[in-house]
Amino acid sequence: MKKNKLIELLESIPKKEYNSILFFLESKAVNDKAKVFQLFNEIIRSKPNLKGEEGDIFPKEELFHSLYKDKPFDDDVFRKLMSTLVQKIEMYLVFKESQNDQYFSKLTLLDYYRNKKLSKHFDGHFRFLEKRKKTASHDANYFHSEFTRLSQYNRYVAEYKGRQFPRKYQEASNTLDQYFILEKLKICTVILTHKSISKTDYDFVFLEEILGLLEKDSTYLEIDSIKLFFIVIKIQLRRDDEKAFEDLKIQLAKSNNIGMEDLQDIYFIAFNYCVQKINQGDSDYLGNLYELYKQALKNEILLINDKISPWNYKNIVSVGLRMKDFDWVYEFIQNYKKRLDGPDAQNAFNYNLARYYFYIKEYKKLLELLQVVEYSDVFYMLDSKTLLLKAYYETNELDAMHSLMDSFKQLLRRKKIISDHHKTNYLNLVRFLKRLSQINPRDKKRLIALKKQIDESVQIADKNWLLEKFEEKNNIYVK
């Protein structure tokens with residue numbers, strides 16, 4: 001089906017909300033066109049029949065005639081009707097948000113009451129919003145809303161209370177500073193992350209001034225969110241980064257009132273920092289990364305809409321297996337299976353369970369899992385074939401391994417989506433593993449020559465495992 005804007009919007013809304021939208025559209029206060037209500041009713045009633053294959057046509061004429069009976073189809077009329085329905089559904093979504101977020105609605109009312117000179121109403125809502133300080137997440141939205149609230153108050157006092165009545169100009173100014181500093185730190189962390197993987201140049205206007213201010217004036221650092229992003233920036237800029245990382249771990253453990261999105265961004269940067277240190281040869285950071293993942297899981301930082309991404313799922317399994325915490329990894333794989341997000345959820349479960357079996361040397365179970373799975377994602381396919389190669393080598397199934405090597409090389413050359421970098425990594429693994437499997441362990445000269453080539457190659461998938469297998473073979477006839 002060629003989806004239009006209306007259908008795409010409806011598919012983003014849980015079906016359990018459709019009745020609420022119907023009730024909303026029934027109100028003449030928000031919708032005075034009966035046909036809009038009828039169109040929505042017709043669409044949700046027939047929605048299962050609207051889902052078709054690519055290229056199917058949205059049944060406009062059928063829906064039009066269900067509304068207008070004997071009138072000839074008029075495309076302009078129907079398009080305007082659909083457009084109006086989209087607008088009304090958007091009104092419902094805004095209304096729903098106002099119901100869920102009292103701060104959002106009361107801030108709007110504050111402006112209304114100020115304009116209408118309703119002092120009691122204004123004062124009541126202002127005091128309600130002030131109490132929110134104790135419970136709200138102190139993210140950028142909070143400080144922006146606080147600045148708006150205080151600005152409304154100052155305008156209200158200036159217009160209706162007289163010159164002698166106390167203002168909140170300093171509080172408004174402070175809140176605006178907090179908002180700006182936090183947002184600036186946040187955008188700079190994003191820029192620094194992007195800069196590390198791209199050649200784009202950026203101008204960090206005011207960053208040095210803000211960092212200097214925070215070094216001199218610790219008042220702003222009393223706000224947990226600002227302190228966390230300040231520490232993160234120092235880590236990214238490599239300014240006493242190892243000490244800053246220790247500070248970050250301490251601060252994460254005790255911080256309160258941090259927005260979930262901010263925490264997710266901070267943990268992501270902390271994960272990447274650990275990975276960089278591990279890649280530089282600092283194995284101690286593997287334990288740091290593992291503890292961060294566990295902490296993030298405990299606080300549901302890695303869950304979005306109660307779902308975990310396959311990539312985070314895979315990364316956690318990888319670190320847990322390298323830490324040899326096999327019981328915990330198995331429980332994690334099973335417990336989070338139902339929380340996996342996306343169309344490859346089952347493949348993600350099977351692949352990671354297979355990796356677990358590989359680490360505990362249950363190769364038969366691994367082969368049973370991987371031989372019956374077809375991976376739609378090419379990178380799952382590559383990693384799965386790599387795992388199969390390793391399992392065949394470990395179980396001395398060399399004929400099966402060599403056959404898989406041939407098909408693997410063909411796949412790597414055929415799939416254009418695979419980058420040259422990844423192709424080289426996997427092809428080198430195949431090439432060196434094949435040579436290792438064919439060398440007699442007594443032939444130390446050939447083994448040493450192969451070891452030298454492996455050491456000098458910077459692009460080999462699973463290089464550490466390959467070196468382990470070399471050492472095993474090299475030690476067979478060592479006295």
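Trainee: What should I know before we start?
Mentor: This is a predicted model, where local features need pLDDT of at least 70 and side-chain atom pairs count only at pLDDT 80 or more. Residues are numbered from 1 along each chain, and side-chain values use heavy atoms, without hydrogens and water.

Trainee: How do α13 and α14 cross?
Mentor: The axes of α13 (residues 260-279) and α14 (residues 284-298) come within 9 Å and cross at roughly 160°. Axes here are lines fitted to C-alpha atoms over the stretch in contact, with angles from 0 to 180 degrees between N-to-C directions. Helices are DSSP runs (H or I, at least four residues), numbered from the N terminus.

Trainee: Roughly parallel or antiparallel?
Mentor: α13 and α14 are roughly antiparallel, a term for angles over 145 degrees, while roughly parallel needs under 35.

Trainee: Which residues make the contact?
Mentor: Contact means heavy atoms within 4.5 Å. Tyr 267, Phe 271 and Ile 278 of α13 are among them, as are Leu 289 and Tyr 293 of α14.

Trainee: New topic. Which residues of α23 are buried?
Mentor: Trp 465, Leu 466, Leu 467, Lys 469, Phe 470, Lys 473 and Asn 474 are buried, that is, under 20% relative accessible area (1.4 Å probe, protein chains only).

Trainee: What covers them?
Mentor: The cover includes α17, α19, α21 and α22.

Trainee: How does α21 lie against α23?
Mentor: Their axes come within 11 Å and cross at roughly 10°. That makes α21 roughly parallel to α23.

Trainee: What meets what there?
Mentor: In α21, the residues include Leu 429, Phe 432 and Leu 436; in α23, they include Trp 465 and Phe 470.

Definitions and conventions
Helices (H or I, at least four residues) and strands (E, at least two) are DSSP runs, numbered from the N terminus. Angles under 35 degrees count as roughly parallel, over 145 as roughly antiparallel, 65 to 115 as roughly perpendicular and the rest as oblique. Buried means under 20% relative accessible area, exposed over 50%, partly exposed in between (1.4 Å probe, protein chains only).
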